[in-house]
Structure formats: C-alpha cells, structure tokens
There are 2 protein chains.
Amino acid sequence: MSRPDLERLGAVYPRYLNAVVLHGLATAQAVGMGPTDLYATGTLAFHGRMTSGELAAKTGLTTGATTRLIDRLEQRGLVRRVPDPADRRRVLVEAVATDAIGLDDALAPAREKLGAVFVSCSAEEIATLTEHFERATPAFHEAIEAVREAE
Amino acid sequence: MSRPDLERLGAVYPRYLNAVVLHGLATAQAVGMGPTDLYATGTLAFHGRMTSGELAAKTGLTTGATTRLIDRLEQRGLVRRVPDPADRRRVLVEAVATDAIGLDDALAPAREKLGAVFVSCSAEEIATLTEHFERATPAFHEAIEAVREAE
DNA sequence: AACATTATCTGCTTCTATGCAGATATTAGC
DNA sequence: GCTAATATCTGCATAGAAGCAGATAATGTT
C-alpha cells in the first residue's frame, strides 16, 4: 500500500467488507438459517454438483457436521442428494433451483440500494467493477484456503 | 438490470458477495470467535463509541444478548466499557486498539491476494473502485436495516 | 416527592451447530 | 478373495449463543 491512491482505499475497504459480511449475517437471520447453511447453499448453487466431502472442505466442517448440514438443507428443499453412479460411496449434492426460503425477498433491499449505486455508473466504470469482482472472487477463495491451512 | 453491461455484472456479483461472506466466516473461525462477535467488534472499531443499546440495534440482538456479547468481547480485551457521564444508566462501548486475537495474521492471506489484485490496477481504476466501495458501504447498511424491519 | 420510563444486567432455559468416535458401505490394491 | 483405504452416515456429548422475563439503577415527568 505505498501508492498514494491506495492509501485511501486502505481506509475505505475494511469498512466495506465489514458491511458486506454484516449484511450476509442479517440475511441469514432473515431467512431463518445459520450463516454457514445459507452460504454453503450459495456455494453449491454457483459451483454446481459437489460431493459431500468437497463441501466439507469448502465449509471447513468435519464430514460428520457436513452430513447434518446437507440434511438441514435437504429438509428445506434447497438441495438434493444424488448418488454418484461412478463411486457409490459418494453422494453428490446439488442445489435445487427453487427459492423455498424467501431469499429473494430478503435480498430485495440490497438489490434495490446496490442497484441504484450501479445504475448511476458509466459503462466504463461498470466494466472496471465487473472485472474487479471477477478477479477478487478467486482471491477470496484462495485466502479462505490459506486461512484454514494456517491452523 | 436492463443495460447490457449490467447483465454480466448480475452474474458475477452474487458469486463475489458469496466469497466475501465465506471469507468472513472463515476468518471468524480462525480467530476463534463467532461471526457476530467478530463483526460487531469491527462495527465498534469503525463507528467509534456506542451505547450497548445502539450496538444491540446494529447487531439485531436483544439487549440481554448484547450484554453477553460485550462481556465476551471485553474478556478478550477487544472492547472496553465506559460509563456515560451524562446518563449513568448507559454504558458506552469502545473498541480497544489492540489485536489481542491474531486478526492481522488471519487477514494476511486476504491482504496479500487482494493486494495483488489492487496493485495491478491503474490509478483511475482504483479511483473508480474506491468510490464504489464508499457508496456501497452505506447502501449495505441501509439494506441491513430494511431486512431487519421486514420481519 | 411519587410514579412512569428507559438502559443495562442477571438467572434461567432452550436450541442448534459442531465435534468426535465408531458404524456401514464401497472401492482399490495385492 | 482378502485386506486396506475411502466416503458418508449415526449416536452421543458439548458448548455456546440467544431469547425471555424479571431485577436493578438512573432519569424524566407531573
């Protein structure tokens, strides 16, 4: 953070991240689930099919806890267990494309407020932001792995 | 989301938010606290002094649960209770400027990976990003309030 | 001065996520 | 085919967060 323009970013960015995570926690509470459950569902939706073990690795839970996690999600109809035909020990888990939980409603305020922020941007700014998000996403995932390994 | 450039953003952004929140959860776990506790501490650090009641409102907890929250944070030396001289029923809570918990270490990977993303940006792009974060932060806080009220 | 209101704290209870260790089922290696 | 390794599941135990209702203390209101 030596460049002068990065200075200001260094002050703004932590507050921003704090707000994003707090919003995530509030959203989970609004739909009546724990944060882990909600964001594991997101992970499944974005990543696609995944074995129980992979999900355990991504969430940082033990395999036992992950079984229970999947149970909870399945009970709510958010997720489906599919036996892996190639290896019948394994269970593939996939997100169901239904909002059985009112997540859309819970995210409505964020969509509205953030939408307003984005709409007022020029096409060029949107391009810059989109590219940033695209690059930041894997960076966060790598950071997650690194943090978990550091224990 | 009608503009063509917003289309792509709409696909990228949810994944990005998911990654940010997951990283927040992993960080909390790494420092051995619950997500609420960690991000309440952040809120205190950024907002400055705050009464117990205000903190309760910001976290969405009851006042009783907030008392316990402050107890936990105080025990870890992250926070200090200061009696309000103007109104002695009230307790002001303020963040202590010490990293008694290894948060800096836990955030190191994110700083590194994200730092790499930012450093490769032009000054103009950094300006765009900084401005966006500045505007998105209050938007998220408003969304949090809206979600809480909607219950 | 008496009463109502507000702010925080405490005792108690509950709920739920998680870990751990062992069970079960399947595959892989020799 | 027998043994070892792997993947998921189950039983049990625990810890910890959070709610609720009542207690305490301070302020404001008439």
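Which element gives the most to the surface near DNA strand C? H4(B) does, with four residues. Here a residue is near a strand if one of its heavy atoms lies within 4 Å of it, and helices (H or I, at least four residues) and strands (E, at least two) are DSSP runs, numbered from the N terminus.

This is a predicted model, in which local features need pLDDT of at least 70 and side-chain atom pairs count only at pLDDT 80 or more, while totals for chains, interfaces and linings use all residues. Residues are numbered from 1 along each chain as its sequence is written, chains are lettered from A and ligands numbered from 1 in the order in which they are written, and side-chain values use heavy atoms, with hydrogens and water left out.

**Surface near DNA strand C**

DNA strand C is surrounded by 21 residues, and the closest are A:Arg72, A:Arg88, A:Arg89, B:Gly53 and B:Arg89. At least two residues each come from helix H4 (63-75) of chain A and from helix H3 (52-59) and helix H4 (63-75) of chain B. By class, this surface has four nonpolar, eight polar and nine charged residues. Ala, Val, Leu, Ile, Met, Phe, Trp, Tyr, Cys and Pro count as nonpolar, Asp, Glu, Lys and Arg as charged, and the others, Gly among them, as polar. Sugar or phosphate accounts for 66% of the atoms of DNA strand C within 4 Å of the protein, and bases for the rest.

| Residue | Atom of DNA strand C | Distance |
|---|---|---|
| A:Arg68 | base oxygen | 3.4 Å |
| A:Arg72 | phosphate oxygen | 3.2 Å |
| B:Arg89 | base oxygen | 2.7 Å |

**Interface of chain B and chain A**

In contact (heavy atoms within 4.5 Å) are 64 residues of chain B and 64 residues of chain A. The two chains bury about 6,500 Å² between them, 72% of it on carbon and sulfur atoms. Buried area is the accessible area (1.4 Å probe) lost by two parts on being put together, summed over both. On the chain B side, B:Tyr16, B:Phe46 and B:Phe140 lose the most area to chain A, together 10% of what that side buries.

The rule finds four salt bridges across this interface, each a side-chain nitrogen of Lys or Arg within 4 Å of a carboxyl oxygen of Asp or Glu. A:Glu134 and B:Arg8 meet in a salt bridge through their side chains (2.8 Å, N to O). Helix H1 (4-30), helix H2 (35-47), helix H5 (103-119) and helix H6 (123-149) of chain B are the elements giving two or more residues to the side that touches chain A. That side divides into 37 nonpolar, 16 polar and eleven charged residues.

Definitions and conventions: Polar contact = N/O pair within 3.5 Å; in protein donor to acceptor, adjacent residues only side chain to side chain.
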